[in-house]
Amino acid sequence: MKSLKIRRPDDWHLHLRDGAMLEGVVGDTSRDFARAIIMPNLVPPVVTTADAIAYRDRILKATPSGDSFTPLMTLYLTEQTDPDDVEKGKASGLVTAVKLYPAGATTNSHGGVRDIEKAMPVLERMAKIGLPLCVHGEVTTPEIDIFDREAVFIETVLDPLRGRLPELKVTMEHVTTADGVDYISSASGNLAGTITTHHLIINRNAILVGGIKPHYYCLPVAKRENHRLALRKAATSGDARFFLGTDSAPHVDPLKECACGCAGIYTSINTMSCLAHVFEQESALDKLEAFASLNGPAWYGLPANEEMISLVKGDEPVSFPARIETGDGTVTVFDPMFPLHWQVQR
Ligand code: DOR
Ligand code: ZN
C-alpha cells in the first residue's frame, strides 16, 4: 500500500447546475474539495451580483450538511454587464471572478460576448479593482476548424486583450493545446491556466475511434496526443501558473446520447483518483499538491486549505459508479479506461 498526504484540494472550474441536478452532484465535489469556482452558465445565466448571491445560497443549501464547502461565485459576462455591479460583487467578497464565454462557444453561451469592444468598460474596471477574468478560450467563427479554435483565440482575442489591459488578471480555462501551454508559459505575468482531469487522460481518439463516444465529448474538444502530452507536462511540472479546474459538467444521459449531444464530462466523483494515477505515471506524485491544492489559491490570492487529505493506493482497483442518479435523470461518470487504484481516504 502506498499513500500520499496533501492539503485538501480545490476545483477552480466547476459546473454544478441548479435544482435537482445541483442536489444530485454537489456532494461529489464537497466530499473531496474545500472550494470550487462555480460556472455561471445556468439558464438563465448568473449575470448580476444578486444572481450570484442567490445561486450561492442554493448551492450551500444543497450541500450535504457534514461537508465544509465554499462555492466561489462568478458572473457571466455580457455586453450589458454593469461595471458598478461587478465592483459591488467584488466588494461583497462573494464574487471571485467574471467569466467570458464567446457567444456560441459552448453550453448556454448564446448570451455571451459577441463584440469584446462592448465589454471593455467592465474589463477595464476589473483590471482596476483586481478582479480576475476567466475565459473560455475558443473563437466561434464558422470558418475556423473546431480543433484550431483555441490557438486562434489566443492569437486574435486573448493576446490583443492582454496587450490592451496588461493589468487584467486572466485565467485561461481548460487549456487543451500545446499552443495554450506555451502561451501561458511564456507570458510575463497576470496569466494562468486551468487543466481538466479528462484532458490529461484522453485525446480525440477517445471520442471517435471504434464508434462515436458521446461521454468523451466536451468543449474545448480533446485534441491530438501531442497536446495531451503537453498538458501532462505542464500539470506535473509544479509551475505555479497551472492548476486544476475539472470542468466537471453533468448532463443527463439522454442529452448526451442523441443526434446532437451536449458537451460535458462528469468527473467530480473520481477526479482525485484519476489525478493520482496520472501523476504517478509521470513520476510526479510530489507535484500533485501544487496542482490540486496550492497553485490555485495562490493565483486567486486565497490561503491554501489547512486541512490535509490522504490518498491511498491499494492492490485492488477502486470502484466508482458508472452512472449516478439525480432527480433530473442519470449522469454517466467519466471512465478513464484504466483501473483506478488510488482513493481519497475517508
Ligand atoms: O464541455 C463543456 N461543458 N464545456 C463547457 O465549456 C461548458 C460545459 C457545460 O456547461 O456543459
Ligand atoms: Zn466549463
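Proline 220 sits in a loop of this predicted model. The loop runs between helix H7 (205-208) and helix H8 (225-235). A cis peptide bond joins leucine 219 to proline 220. Its omega is about -5 degrees. Most peptide bonds are trans.

Leucine 219 is among the closest residues around ligand 1, along with Arg17, Asn41, Thr106 and His251. In total, 13 residues surround this ligand. Which classes make up that shell? Four residues are nonpolar, seven are polar and two are charged.

Look next at the polar contacts. Arginine 17 places a polar side-chain atom 2.8 Å from an oxygen atom of ligand 1. Alanine 263 takes part through its backbone: one of its polar backbone atoms is 3.0 Å from a nitrogen atom of the ligand. How much of ligand 1 does the protein bury? Taken alone, the ligand exposes 290 Å², and 100% of that is buried by the protein. The space that ligand 1 takes is the largest cavity.

The zinc ion is ligand 2. Which residues coordinate it? They are His13 and His15, each through NE2, and Asp247 through OD. The distances run from 2.0 to 2.1 Å. Along the chain, the donors follow the spacing H-x1-H-x231-D. Histidine 15 and aspartate 247 thus link distant parts of the chain, 232 residues apart. Histidine 15 is in the loop between strand E2 (11-14) and helix H1 (19-30). Aspartate 247 is in the loop between strand E9 (242-244) and helix H9 (253-256).

One last stop is serine 283. This residue lies in the loop between helix H10 (271-281) and helix H11 (288-300). Is its phi positive or negative? Serine 283 has a positive phi, about 50 degrees, although it is not a glycine. Most residues other than glycine have a negative phi.

Technical notes: Residues numbered from 1 in each chain as written. Chains lettered and ligands numbered in written order. Predicted model: local features only at pLDDT ≥ 70, side-chain atom pairs only at ≥ 80, totals over all residues. Heavy atoms only, no water. Near = heavy atom within 4 Å. Polar contact = N/O pair within 3.5 Å; in protein donor to acceptor, adjacent residues only side chain to side chain. Areas by Shrake-Rupley, 256 points an atom, 1.4 Å probe, with all protein chains shown as cover. 1 Å grid on protein atoms, 1.4 Å probe; cavity = no way out; pocket = protein on both sides within 12 Å on 5 of 7 lines; lining within 4 Å. Sits in = over half its atoms within 2 Å of the grid points. Nonpolar A, V, L, I, M, F, W, Y, C, P; charged D, E, K, R; others polar. Donors = N, O, S within 2.8 Å, 3.2 Å for Na, K, Ca; no water. Helix = DSSP H or I, 4+ residues; strand = E, 2+ residues; numbered from the N terminus.
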